[in-house]
Amino acid sequence: EICPYVKISGGISNLSFGFRGVMKIRESIHSVFLQHAILESGMDVGIVNAHEMIAYDDLEDDMKLLCENLVFNKTPEATDDMLERTAYERACIDAKKKGLSMPRKPRG
């Protein structure tokens, strides 16, 4: 209201930097952050890699919950839960490369 022409924008990748190497995790975090930042908090533009972007509605329910817990620090276990999921996703990537069976998915 005081500055009606001010816009809010920013790069999103720093939010998920600690999870580099597992794009599914990073892009899921970005999707959750952007959904809330743009639709609920007034952010105008988020700088992302649109080619890798996952739509919020396309996220698996358990991944959405993990990301929301992490982004909003909803539970004391949020970081540990996401690290466990990241290890699982890395193991899936490795299993696919080696032609092995997929590991068991952690609770989520």
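A: Helices and strands here are DSSP runs numbered from the N terminus, a helix (H or I) needing at least four residues and a strand (E) at least two. Keep in mind that this is a predicted model, so local features need a pLDDT of at least 70 and side-chain atom pairs count only at pLDDT 80 or more, while totals for chains, interfaces and linings use all residues. Residues are numbered from 1 along each chain as its sequence is written, and side-chain values use heavy atoms, with hydrogens and water left out.

The part I'd zoom in on is helix α2, residues 61-71. For orientation, the protein has three helices and two strands, and from the N terminus on the elements run β-α-β-α-α. The C-alpha trace spans about 60 × 30 × 25 Å along its principal axes.

So how covered is α2? Mostly: eight of its eleven residues are buried, where buried means under 20% relative accessible area, exposed means over 50%, and partly exposed is in between (1.4 Å probe, protein chains only). The eight are Asp62, Met63, Lys64, Leu66, Cys67, Glu68, Asn69 and Leu70. For the protein as a whole, buried residues make up 34% of the 108. The buried residues of α2 pack against both α1 and α3.

Take the α1 side first. The axes of α1 (residues 23-39) and α2 come within 9 Å and cross at roughly 65°; axes are lines fitted to C-alpha atoms, for helices over the stretch in contact, with angles running from 0 to 180 degrees between N-to-C directions. The two helices are therefore roughly perpendicular to each other, on a scale where under 35 degrees is roughly parallel, over 145 roughly antiparallel, 65 to 115 roughly perpendicular, and the rest oblique.

Who meets whom? On α1 you'll find Lys24, Ile25, Ser28, Ile29, Val32, Phe33 and His36, and facing them from α2 are Met63, Lys64, Cys67, Glu68, Leu70 and Val71. That contact divides into eight nonpolar, two polar and three charged residues, counting Ala, Val, Leu, Ile, Met, Phe, Trp, Tyr, Cys and Pro as nonpolar, Asp, Glu, Lys and Arg as charged, and the others, Gly among them, as polar. The spacing of such residues has a simple background: an α-helix has 3.6 residues a turn, so residues three or four places apart point the same way.

His36 sits in α1 and is buried, at 13% relative accessible area. Leaving aside neighbours within four places in sequence, His36 is in contact with Ser41, Tyr56, Glu68 and Phe72.

In soluble globular proteins, nonpolar side chains tend to be buried together.

Neighbours within four places aside, Met82 is in contact with Phe19, Ile25, Ile29, Met63, Leu66, Cys67 and Leu70.

Then there's the way α1 meets α3. The axes of α1 and helix α3 (residues 78-98) are 9 Å apart at an angle of about 140°, which makes the pair oblique. Lys24, Ile25 and Ile29 of α1 make this contact with Met82, Arg85, Thr86 and Glu89 of α3. Its residues are three nonpolar, one polar and three charged.

Asn73 follows the helix and lies in the loop between α2 and α3. Its phi is positive, about 50°, although Asn73 is not a glycine. With 62% relative accessibility, Asn73 counts as exposed, whereas most of α2 itself is buried.

Methods
Contact = heavy atoms within 4.5 Å.
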